[in-house]
Amino acid sequence: MSRPPSFKALPKHIAVIMDGNGRWATARGLKRSDGHREGAVAIDKLMDSALSLGLQSVSLYAFSTENWKRPILEIRAIFDLLIEFIDSRLDSIHEKGIQIKHSGSRSKIPKSALASIDKAVAKTSKNRKLIVNFCLNYGSQDEILTAMNRLLEDRKMRGKPLDEKIKSKEFEKYLYTYPLSPVDLLIRTAGEERISNFLLWQIAYAEVYFTDTLWPDFGEVALWEALRSYEKRIRKFGGL
Ligand code: IPE
Ligand code: IPE
Ligand code: MG
């Protein structure tokens, strides 16, 4: 790992739609699951690059609420790889000061995968160097509806009026990603230029960066290129 170059401005929170694992594998005559395995290696690299740059948080789209439409064998392979990824790296992740977070619905996630995630979240909860937020069984529309329902349930429990206007600060506390800051830079690999139900609320003012690089090929230099693009952006947030 080489020393990172310096940047005029760095995002606090990067979100990544890690796309292209399947195409990476198919192009090599390999199984799609081999692409996912190589994708996990790219996550390793990204975590180390983010640490050396001093970023605050990285959100990774690992499995969407729509990915259940895939063949069961591929789904199984993805969850098995996730368990292997977390279990084999947990000690080193912890030693590096990384905090693991999960965003997404717990329903439908296999029990064994939940156990690995919960263990990682509990073990690393006090770490402050970098937050790595695994978006797993994550869909932004599900997140927003779940947040709204939880908010109303909480109000009911506390005897607060249900028809009182909801303010964004109150609403945000119920998002899976709470208390992460809004996304500053959204990266999508593999050439597709769409959001695919990812962090719709949180990317309201994110800068967006698309690259043709397939996720397993996305290394440290590819991240630096995205950051070079980000540092040139003029962020106005609706002002002048
Ligand atoms: C992204 O890679 C990883 C997941 C959705 C789990 P894909 O599996 O979507 O790869 P492509 O888009 O088919 O190449
Ligand atoms: C988005 O990739 C989801 C993840 C990276 C986990 P997909 O490959 O599932 O998205 P679409 O179907 O091309 O929009
Ligand atoms: Mg894809």
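**Ground rules**

I worked with a predicted model in which local features need pLDDT of at least 70 and side-chain atom pairs count only at pLDDT 80 or more, while totals for chains, interfaces and linings use all residues. Residues are numbered from 1 along each chain as its sequence is written, chains are lettered from A and ligands numbered from 1 in the order in which they are written, and side-chain values use heavy atoms, with hydrogens and water left out.

**Entry 1: salt bridges**

I began with charged pairs, since side chains of opposite charge can pair when their charged atoms come close. I counted a salt bridge where a side-chain nitrogen of Lys or Arg lies within 4 Å of a carboxyl oxygen of Asp or Glu, and the search of the whole structure gave 17 of them.

I looked up Arg 106 and Asp 118, whose side chains meet in a salt bridge at 2.9 Å from N to O. This pair links distant parts of the chain, 12 residues apart, with Arg 106 in the loop between strand 3 (98–103) and helix 4 (111–123) and Asp 118 in helix 4. For these elements I used DSSP runs numbered from the N terminus, a helix being H or I over at least four residues and a strand being E over at least two. I then asked how accessible the two partners are, calling a residue buried under 20% relative accessible area, exposed over 50% and partly exposed in between (1.4 Å probe, protein chains only). Arg 106 counts as partly exposed at 44%, and Asp 118 is also partly exposed, at 32%.

Next I turned to Glu 207 and Arg 233, which form a salt bridge of 3.2 Å, N to O. Glu 207 lies in strand 6 (residues 207–210) and Arg 233 in the segment after helix 7 (220–232), so the pair ties together parts that are 26 residues apart in sequence. I noted Glu 207 as buried, at 15% relative accessibility, whereas Arg 233 counts as partly exposed at 25%.

**Entry 2: a network that includes Asp 19 and Arg 188**

I found Asp 19, Arg 23, Arg 188 and Glu 192 linked in a network of salt bridges. Within it, the closest N and O atoms of Arg 23 and Asp 19 are 3.3 Å apart. Asp 19 is buried, with a relative accessible area of 17%, while Arg 23 is partly exposed, with 36%.

Arg 188 took me to strand 5 (residues 185–188), where this residue is buried with a relative accessible area of 5%. Leaving aside residues up to four places away in sequence, I listed what Arg 188 touches, including Ile 17, Asp 19, Tyr 209 and Phe 210; contact here means heavy atoms within 4.5 Å.

**Entry 3: ligand 1**

Which residues come nearest to ligand 1? Of the 13 around it, they are Asp 19, Gly 22, Arg 23, Arg 32 and Arg 70, where being near means that a heavy atom of the residue lies within 4 Å. I checked the backbone and found oxygen atoms of ligand 1 at 3.2 Å from a polar atom of Asn 21, at 3.0 Å from an N or O atom of Gly 22 and at 2.8 Å from one of Arg 23. Taken alone, ligand 1 exposes 380 Å², and the protein buries 86% of that.

**Entry 4: ligand 2**

The residues around ligand 2 include Asp 19, Tyr 61, Phe 63, Arg 188 and Arg 194. Here I looked at side chains: an N or O atom of Asn 67 lies 2.9 Å from an oxygen atom of ligand 2, and for Arg 188 the distance is 3.3 Å. The protein covers 78% of the 380 Å² of accessible area that ligand 2 has on its own.

Notes:
Polar contact = N/O pair within 3.5 Å; in protein donor to acceptor, adjacent residues only side chain to side chain. Areas by Shrake-Rupley, 256 points an atom, 1.4 Å probe, with all protein chains shown as cover.
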